[in-house]
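These are my notebook entries on a structure that I am reading for the first time. I begin with the helices and then turn to the sheet and the cores.

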Amino acid sequence: MLLAEVARVSREVADTSARSRKTALLAELFAAAPPEEAALVISYLAGRLPQGRPGIGWRVLAQDVEPAREPALTVRAVDEAVTEFATVTGAGSQERRRRILHGLLGAATEAEQRFLRSLLSGEVRQGALDAVALEGVAAAAGVPAADLRRAVMLDGSLPRVAAAVLAEGARALQGVTLRVGQPVQPMLASTAKSVAEALAALGPCAVEEKLDGIRVQVHREGGEVRVYTRSLDEITARLPEVAELARSLPGERFVLDGEVIGRAADGRPVPFQEIASRVGSRIDVEAARRTLAVVPFFFDVLVAGDEVLLDLPVRARYETLAALVPEHARVRRLEVEDVREQAAEAEEFWAETLRRGHEGVMVKSLDSAYAAGRRGKNWLKVKPVHTLDLVVLAAEWGHGRRTGLLSNLHLGARAADGTYAMLGKTFKGLTDEMLRWQTGALRALATSDDGFTVRVRPELVVEIAYDGLQRSPRYPAGVALRFARVLRHRPDKSADQADTVETVLEQGGAG
């Protein structure tokens, strides 16, 4: 299949807001894709490369390359070029990678170049993410979306399952089940503003400590243990402590869901950044073990023996978990059967969790099944909300639906010397109306525009919500915002009323 077809559909999907139209466009493309290329086409339309992020910056991607006059570049050729690019190492690799990239862009038309640049930078934002792509595959294959969704949750790969169902139809879904050794997408949580709101929404529930660590899925088959991240990457060798604990448990065959945190000498959890570094890909594991102890805590079990437990309610799965995992390795929890009678107890559990240094609580309906890969309403997370008033220092031109709009904001706090210290970037939380307004406001404040980033006078204040801070040598204050999103613009505030770096450090509590 020509890349031009993929780029065309991506553009058309970006230009429509109707989900039904997006689904129809994708279904038509997926049905036309050769079976052997279906997985690639689906990956590209979902904005991902099978090889992962290749690490190409916009400065390199922005270099002018004469485009092809007519479309001839195939999806398969793109995949081969990206694979070659990702495997180049050693002396002279930078120049070889540059030649591969320029060769790829030179084989693409102008429209294809725009799509490739977005795909290679991870900036495809046409709204054809997994949920819509899945519906497009279901429509193209003539299978119920719910059946396809469950198969993808169990298999862990939309492109792989989609390629099979497009080639074989509904019968390809019949053999898909949860297998020990094959990671599944984890169940995710929605957000509640308070413990009281969560209790009112769920009724009988479990309130569990929400740990700020690395989500892990642990598979054991006899003496073999594998540990996976929430993105389904295997990290067994980086967490020998987790594998050792798994082998010590009485079961010979199971799949556990949990969290790995680091603990300081006083027993309190260390900041997320430290545990993330501890499981980095380029570490000396034994040296890292001596530097920072990591501890796994489990809160769910998906397989025990020959039984797949996904469809059992939380209360039944927890009974199995308790029989398999000792209390010291389970997440601390409170079971709430009577919401009215135990409301005060639940609030105290929340307060104690924060005092213990954790980031909040998870509230789970006792009757809920494990909806792998979905962010449902049966699990609710409750965390303290941090907000800051920060100054916009620059903004980046958007892509896809945001083309022509200033989107990604560079955010800064007031430093002691009167300048502004950048703390990170975000494009999250911005509605179409907010984007249009800020584009006009920031263009009026612009001091330079290189075609990608517009530098502005530090005058516009925005109110930001964020989950915390992490240490970062990239920024002058030594910290960066975690999961920042825009709540609203504050044109009523002047820049000298924005928060200071000192305030940020006091409120954020970065370690």
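At what angle do the axes of helix α6 and helix α7 cross? I looked this up in a predicted model, where local features need pLDDT of at least 70, side-chain atom pairs count only at pLDDT 80 or more, and totals for chains, interfaces and linings use all residues. Residues are numbered from 1 along each chain as its sequence is written, and side-chain values use heavy atoms, with hydrogens and water left out.

Entry 1, helix pair. I found that the axes of α6 (residues 93-106) and α7 (residues 110-121) cross at roughly 140° and come within 9 Å. Axes are lines fitted to C-alpha atoms, for helices over the stretch in contact, and angles run from 0 to 180 degrees between N-to-C directions. From α6, L101, L104 and L105 meet Q113, L116, R117 and L120 of α7; contact means heavy atoms within 4.5 Å.

Entry 2, sheet. I noted an open sheet of 5 strands in the order β4-β3-β5-β6-β7, with antiparallel pairing. Its edge strands are β4 (224-229) and β7 (307-308). Strands pair if DSSP finds at least two bridges between them, and 2 bridges join β6 (residues 293-304) to β7. V303 has V308 in β7 as its bridge partner.

I recorded 75 residues in the largest nonpolar core, where V6, V41, Y44 and L148 have the most contacts. Such a core is a set of buried (under 20% relative accessible area, 1.4 Å probe, protein chains only) Ala, Val, Leu, Ile, Met, Phe, Trp, Tyr and Cys residues joined through side-chain atoms within 4.5 Å.

Technical notes
Buried < 20%, exposed > 50% of the residue type's maximum accessible area, 1.4 Å probe, protein only. Helix = DSSP H or I, 4+ residues; strand = E, 2+ residues; numbered from the N terminus.
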